[in-house]
Amino acid sequence: MLNLAGLGLGYALLGRWGRAAGCWAATAALLFVALPADPDGVPGGVLVGYLAVLVLAAADGARIARRSALGGSWRPVLAAGLGVVLLAVPAGGAVVYGSARDEAREQMLLERLEGGDQRVAAAARQPFGAAKGEYEKALGVYRALAEDHPASRAAKLLPDRLKAYYDAVSAPYAKKRHCEAVEPLTYLRTLPDAVGERLLGTLAAWPDEPLAASLYGCGVSRLGAAAGGSGGGGAELGELLRTFPDSAPAQQVGPAISERIKAQVAALKGAEPCAATAVLRRLGTTAAGLPSDRVKALRADADKGVVDGAYACGVDQFKDRKFGDARRTMTDFARTYKSDERVRRARDIAIAAEIAADRPPAGRRLPPKGRPGGARMELVISNDAPNAVEVLYTGPVTGTVSLKACDGCRRYSGAAVGARQACRTSGRSYPKARLRLPAGDYHFLYKHGTGATARVDSYSAGSKVRPGYTYTSCTYVIERSPFGLDLPVLPDPVRPVSVPRGVSPSDAGSSR
């Protein structure tokens with residue numbers, strides 16, 4: 001029984017010091033392996049080996065004791081009692097070791113918790129997209145502690161750690177960076193399904209309100225913006241109306257878009273009507289794409305503003321001498337809004353812009369709104385070209401007239417020949433157009449159309465129409481050398497150019 005204590009006292013009582021030393025060595029080896037206490041305890045093989053040594057020592061001690069007489073004052077009863085008492089040594093040691101092992105396990109779990117905290121701290125210093133993996137690993141640590149060691153001290157610290165986790169992930173929301181906050185808040189909203197509401201507690205429902213506010217704030221900040229990845233706020237506002245249709249931010253979407261439309265309509269009278277019109281178009285597109293009938297109805301307000309904006313934009317482009325843009329804008333306006341009362345004037349501005357693009361003096365001022373009264377002079381335009389011609393004019397009045405191709409007419413070999421012979425072949429009927437124009441300064445643009453090659457140039461000119469005269473003009477085509485020399489017609493190097501004969505005054509009733 002004394003040997004079972006693991007101290008070899010039975011052998012010492014019998015004076016067998018060698019065997020006692022063997023027991024001491026076995027116990028020392030056990031202590032070397034077991035201390036300091038490890039969370040996993042002593043390896044099973046070591047324990048089995050040590051117990052086998054104790055059993056063998058007890059059996060060997062019993063065998064030797066039966067053949068040996070105890071001397072001195074020792075008595076067997078006292079020895080037996082002492083052996084029973086000393087059995088408390090290994091038992092007590094086992095209890096103390098178990099307590100130390102439990103503490104080691106707690107420390108190990110606390111270290112795991114600290115590792116998760118460090119991952120969260122590191123992730124908080126990066127954008128969410130780059131740090132999402134670290135956040136997920138930290139959450140995996142917290143979840144394992146809660147599920148595998150629910151009674152541990154580390155598990156009891158999880159509520160505070162999870163609150164810090166949510167604060168780190170949602171940091172952009174706290175800083176009012178709403179667009180940046182949408183992705184991490186959406187991620188937090190998925191956690192109840194991933195880890196369970198029991199672990200998260202009240203945090204499970206927390207992201208709903210911040211996410212609704214962020215979707216609204218981000219979407220409104222992008223209203224009217226060019227696509228470029230933002231989509232004009234439609235993606236965020238659409239998600240808000242689908243996911244949180246009854247939330248306070250969702251109820252503010254319609255009024256926010258309406259106010260933005262009103263602001264852009266007012267801006268049409270400012271310095272940048274074209275920019276305001278573009279914003280109105282995007283606002284209308286955004287409103288039409290949202291899942292709310294009340295919001296969709298705002299498309300009509302935006303479209304009405306676009307009509308006024310398109311006209312204002314064309315006028316502004318003309319005033320800024322962006323004649324090519326003004327022509328396209330006003331042509332589109334007249335083609336798109338045929339029932340609008342400004343269509344006729346839009347066409348006049350488009351004509352004047354086209355002339356001014358080739359002849360800048362024609363763009364010094366917008367064409368007049370009204371039609372002047374008083375006497376009108378006649379202008380007769382003849383076409384001596386083998387292709388159709390469109391004549392655009394602007395001045396006190398603006399308009400266009402078209403002349404058919406001249407049958408049997410040809411291109412002239414040079415400017416001098418054309419000036420002498422154009423529109424003067426007797427017996428030939430030249431296509432003509434007659435215009436009755438109020439007196440004033442006019443600008444003309446002659447455009448060759450059907451039957452002309454791509455290399456026929458347009459030609460612009462100016463003239464002053466005075467009372468008491470009839471005016472004539474003749475348009476014809478010559479072949480011109482690319483080197484500026486008038487040459488006969490050749491197959492390749494020549495470049496056809498449209499040249500009208502100058503508009504000239506004559507005595508009333510006659511023409512030249």
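In the predicted model, helix 10 (residues 178-195) packs against helix 12 (residues 208-221) at an angle of about 150°, and their axes lie 8 Å apart. Because angles over 145 degrees count as roughly antiparallel, helix 10 is roughly antiparallel to helix 12. The crossing of these two helices is left-handed. On the side of helix 10, the contact is formed by His178, Cys179, Ala181, Val182, Leu185, Thr186 and Arg189. Helix 12 contributes Asp208, Pro210, Leu211, Ala213, Ser214, Leu215, Gly217, Cys218 and Ser221. Sorted by class, the residues in the contact of helix 10 with helix 12 comprise nine nonpolar, five polar and two charged.

A further helix pair is formed by helix 6 (residues 128-148) and helix 8 (residues 158-169), which pack at an angle of about 170° with their axes 11 Å apart. Helix 6 and helix 8 are therefore roughly antiparallel to each other. Helix 6 supplies Phe128, Tyr135, Glu136, Ala138, Leu139, Tyr142, Leu145 and Ala146 to the contact, while helix 8 supplies Leu158, Arg161, Leu162, Tyr165, Ala168 and Val169. The contact of helix 6 with helix 8 contains 12 nonpolar and two charged residues, and no polar ones.

Strand pairing was also examined. Strand 1 (residues 376-384) is mostly covered, with seven of its nine residues buried. Strand 1 runs antiparallel to strand 4 (residues 432-438), to which it is joined by seven bridges. Within this pairing, Leu379 has Leu435 of strand 4 as its bridge partner.

Key
Residues are numbered from 1 along each chain as its sequence is written. This is a predicted model: local features need pLDDT of at least 70, side-chain atom pairs count only at pLDDT 80 or more; totals for chains, interfaces and linings use all residues. Side-chain values use heavy atoms; hydrogens and water are left out. Buried means under 20% relative accessible area, exposed over 50%, partly exposed in between (1.4 Å probe, protein chains only). Helices (H or I, at least four residues) and strands (E, at least two) are DSSP runs, numbered from the N terminus. Two strands pair if DSSP finds at least two bridges between them. Axes are lines fitted to C-alpha atoms, for helices over the stretch in contact, and angles run from 0 to 180 degrees between N-to-C directions. Angles under 35 degrees count as roughly parallel, over 145 as roughly antiparallel, 65 to 115 as roughly perpendicular and the rest as oblique. A crossing is left-handed if the near helix is turned anticlockwise from the far one by less than a right angle, and right-handed if clockwise. Contact means heavy atoms within 4.5 Å. Ala, Val, Leu, Ile, Met, Phe, Trp, Tyr, Cys and Pro count as nonpolar, Asp, Glu, Lys and Arg as charged, and the others, Gly among them, as polar.
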